[in-house]
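Me: I should like to learn how to read the main features of a protein model. May we take them one at a time?

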Amino acid sequence: MRWSSLSSIRSWKKKKKKKQQQLQLPSVAASGNHNKLSSSCLFTSATASVSDCRKTNHNEGYRDNIKFHKRQCSMGLFPDWTSLSKLMMNYSKIGCTGYGFGVLGLTLKWGYAPNVIGLSSLMDALCKQFRIDEAASLFHKMRADLGVKPDIITYGILIKGLCSTCNSRIALNLHEQIVDGTCVFGAGLQLDLVCYNSVIDGLCKDGLIDEAIKLFQEMKSKSIIPDVVTYNIVIDGLCKACKWDSAKAVFYDMLNQSVAPSVVTFNLLINALGKMRKSKEAKELVSLMIQRGVTPNVVIYSSLMDCFYREGNFEELKEVFVSMERKGVKAEVVSYNILIKAYCNQGLIDEARKEYQRMIQKGVKPNIITINALLRGMLLKGMVSEATRLKEEIKVHNLTPDMCTYSILVYGLCKNGYIKEALKLFDAISVTKWKPDIQTYSCLIDGLIKNGKLDRALELFDRLSSDGLMADIVTYSILIDGFIKNGKLDKALELFDRLSSEGLMANIMTYNILIDGLCKNGKVDKALKLFDRLCCKGLMANIVTYNILIDGVIKRRKLDKALELFDRLCGEGLMANVVTYNILIDGLLKNGKLDKALELFHRLSRGGLMANIKTYNILIDGLLKNGKLDKALELFDRLSSEGLMANIVTYNILIDGLSKAGRLEKALLLFDRMSSNGVVPNITTNTIVINALCKAGNISDAEKLFDYMEKNGTPPDLHTFSALMHGFCQSNDTTKVVQLLHVMADRGMKLDEVIIDMVTTQLLKQEKFEEYLNLMPTFAQRNTDWKFVTGGRKPWD
């Protein structure tokens, strides 16, 4: 008995010298002499351990066959070549390639010829373990050394293995040689649908979409009819290559060829439409799907929800979710995640939490994406304590925080001013399996800067290299912005100049930050030079860049340059937005160019843009300052028909303008109407009205409004006190002037030069000068020593 048990294989293997050879993937097209394949070299080339077999807990049918062979051996029965071939296939099928090669070694040792089925199975196992070098080597040696001719299944296995290991070009080369009849081992073979699908799939996954399409056309020319799998592969490849029109054409071809699209087909197309934010077409596709008798599943509904989510169409998203449940399709965690993210984006955190509770009640376990979405939503709304409690639920659901979780928490804590907590959490990450990445560092650096801790942010920046990280352009942009906002423009410019030496290229965001900083610091000429530099670097200025520059040059009274920039952006194919128009209209009005401003306003609407309330506020203010009261009122009356609602700024501008134009009655009518229109008067509104009443000599009503402000929880500011005091001075009521000054002193307010001059003039007019002087309160200001201010003079001196 030569083979009494499997233990004989193990003992035989131990006697062989164990040496794992590093095999290079040979050219599958190559021909010529190959080294003679011996049983021992085949056996020792196997790298799979004995434990491979023990790990597998499936394919019980193959295991039963192996046990049967064991029993035969224990009974002294000698296996023939067919039994050995089946045994080799069984070991291969359960992934035990080591044993498979062992059986091959015994087959050769005992003088049997292995067959194509067993060898193909062994090659398939090697491919599935991504040992493509060994699979290709075995393929060559099948005919050269073992005398076994590979069949179409063998070729299909190798092609699939090559494609699954990103070697689709080699697979294509092999395919072409079989088709041309130049392959040494492939003479007379006819590649089938499976082989074509494998190569097309590999090419698509490797981004070689043009080659994949050529192969798709080739198979059709050879009368190999593509099936639903083929079409799905091609559609998926085209969608991922952003070739939507081509993908749509393939889909129509599929319908014309009477190949029924599957759920997978529709899902691929809906996903692609979602990424392009074409929800209308996605919805139509679902309708077509239902018409063709294909029932949408939860994946389809989730893809459609994601499409509406990307588009920001919250109502339609909710409708899809409700419709899905109404049709008896059970929502999965992905569906709930999209819905929860949508609620959070809308700021509807309570609704998001309700959906979170509902999914748990329905037996759908949340994943870390669910928790991350809720955490982000809560922290953006300032709900830090709620987010902290939610963080504890990660353990309850047996989830593991990922780097995204930590980044969200660090960013959220910084945004809400919890810098110490953010730093503590940041340090705690190091004891987890995660290491802070550059995005997390950037979040913390940004948070520290925004909370006035620039020095601490710089310390963290300097720590990057010791943690094995390199700052990216986002990190540098954050620091440049931080320097600018902390009044360190020179440092920002110095850091910007360092970028190239760090191997980084400034992006448009970096340039925008620096150009904005230069403009706000009055260095418009330098900003324009930087603008020219970014164009020379091959970067495209965006509308934000132009808006910053136009605003900057207008503030430096360079209106012609602003209009030149406006013409340039239009010439470069950029679309001016409402912000651009607002900046220009405001600049034109402030420079007395009313007609040009109105022309630009009309151009805005003709260009398909909608003027916003800020546009109307700018224009109404400009018209009032140019004495065009009726035109301003006409614009105000147009707001509702344009779907806009006047805000507090609108009312303040108009009330002030009407008052200054002597239309106090109309101004007061508008003031009374505000609250009924849902706009609550603020301190500025009340100050404007008090000032108007005082100038009209209606001091009593001005006082009443002042007292109402106090009682209504809207405490008057310095400007309000100044307006009322001006009224008292105007009516020569020095007693009330002194009383008002005492109120101001009690509140710790500081007087400005206007009030000091006003009071000084009023005191000097009074016969009871010294009496009033003795009644004056003391302010914590050097320039409010009234005896010093008045020079101790009496009005008759």
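Reply: Let us begin with aromatic rings. Rings of Phe, Tyr and Trp count as a pair if their centres lie within 6.5 Å; planes over 60 degrees apart make the pair edge-to-face. In this model, which is predicted, ring pairs link Phe251, Tyr252 and Phe266 into a cluster.

Me: How many aromatic pairs does the structure hold?

Reply: The structure holds 14 aromatic pairs. One of them joins phenylalanine 426 and tyrosine 441, with 4.8 Å from centre to centre and 85 degrees between the planes, an edge-to-face arrangement. Phenylalanine 426 belongs to helix H24 (residues 419-429) and tyrosine 441 to helix H25 (residues 438-450), so this pair ties together parts that are 15 residues apart in sequence. Both phenylalanine 426 and tyrosine 441 are buried.

Me: What is the geometry of the pair formed by phenylalanine 461 and tyrosine 476?

Reply: Their ring centres are 5.4 Å apart and their planes stand at 85 degrees, so the pair is edge-to-face. Phenylalanine 461 lies in helix H26 (residues 454-462) and tyrosine 476 in helix H27 (residues 473-485), so the pair ties together parts that are 15 residues apart in sequence. Phenylalanine 461 and tyrosine 476 are both buried.

Me: Let us turn to the whole chain. How many helices and strands are there in the protein?

Reply: The protein has 45 helices and zero strands. Of its 797 residues, 48% are buried. Among contacts with a separation of 6 or more, 65% are between residues 24 or more positions apart. The protein exposes about 40200 Å², and carbon and sulfur atoms supply 51% of that area.

Me: How does one check the length of a helix, and which residues of a helix face the same way?

Reply: An α-helix has 3.6 residues a turn, so residues three or four places apart point the same way. For length, consider helix H10 (residues 168-180): at 1.5 Å a residue, its 13 residues should span 18 Å, and its end C-alpha atoms are 18 Å apart, which agrees. The buried residues of H10 are Ser168, Ala171, Leu172, Leu174, His175, Gln177 and Ile178. Their cover includes helix H9 (152-164), helix H11 (193-205) and helix H12 (209-221).

Me: How many of the 13 residues of H33 are buried?

Reply: In H33, 10 of the 13 residues are buried, so the helix is largely enclosed by the rest of the structure. Among them are Tyr581, Asn582, Ile583 and Gly587. The buried residues of H33 pack against helix H31 (543-555), helix H32 (559-571), helix H34 (594-606) and helix H35 (613-625). The length check applies here too: the 13 residues of H33 (residues 578-590) should span 18 Å at 1.5 Å a residue, and the end C-alpha atoms are 18 Å apart, in agreement.

Me: Which residues touch the most other members of the largest nonpolar core?

Reply: Ile515, Ile550 and Met725 do, in a core of 252 residues. Helix H19 (residues 333-345) gives the most to this core, with eight residues. Leaving aside residues up to four places away in sequence, isoleucine 550 touches Ala562, Leu565, Phe566, Leu569, Thr580, Ile583 and Leu584. Two of these contacts, Thr580 and Ile583, are also buried residues of H33.

Me: Is leucine 84 buried or exposed?

Reply: Leucine 84 is buried, with a relative accessible area of 0%. Its place is in helix H5 (residues 81-93). The C-alpha atoms of leucine 84 and tyrosine 112 are separated by 9.1 Å, and the two residues are 28 residues apart along the chain.

Me: What is a disulfide, and how many does a search of the whole structure find?

Reply: A disulfide is a covalent bond between the sulfur atoms of two cysteines. A search of the whole structure finds zero disulfides. For cysteine 239, the closest cysteine sulfur is in cysteine 242, 9.1 Å away, which is too far for a bond. Cysteine 239 counts as buried at 16% relative accessibility, and cysteine 96 counts as buried at 1%.

Me: Which backbone feature do cysteine 166 and serine 258 show?

Reply: Cysteine 166 has a phi near 60 degrees, a positive value in a residue other than glycine. Cysteine 166 lies in the loop between H9 and H10 and counts as exposed at 59% relative accessibility. Serine 258 likewise has a positive phi, of about 60 degrees, although it is not a glycine. Serine 258 is found in the loop between helix H14 (244-256) and helix H15 (263-275), and its 67% relative accessibility makes it exposed.

Note on methods
Residues are numbered from 1 along each chain as its sequence is written. This is a predicted model: local features need pLDDT of at least 70, side-chain atom pairs count only at pLDDT 80 or more; totals for chains, interfaces and linings use all residues. Side-chain values use heavy atoms; hydrogens and water are left out. Helices (H or I, at least four residues) and strands (E, at least two) are DSSP runs, numbered from the N terminus. The expected span of a helix is 1.5 Å times one less than its number of residues. Buried means under 20% relative accessible area, exposed over 50%, partly exposed in between (1.4 Å probe, protein chains only). Contact means heavy atoms within 4.5 Å. A disulfide is a pair of cysteine sulfur atoms within 2.5 Å. Accessible areas come from the Shrake-Rupley method with a 1.4 Å probe; for residues, only the protein chains shown count as cover. Rings of Phe, Tyr and Trp (its six-membered ring) pair if their centres lie within 6.5 Å; planes under 30 degrees apart count as stacked, over 60 as edge-to-face and the rest as tilted. A nonpolar core is a set of buried Ala, Val, Leu, Ile, Met, Phe, Trp, Tyr and Cys residues joined through side-chain atoms within 4.5 Å.
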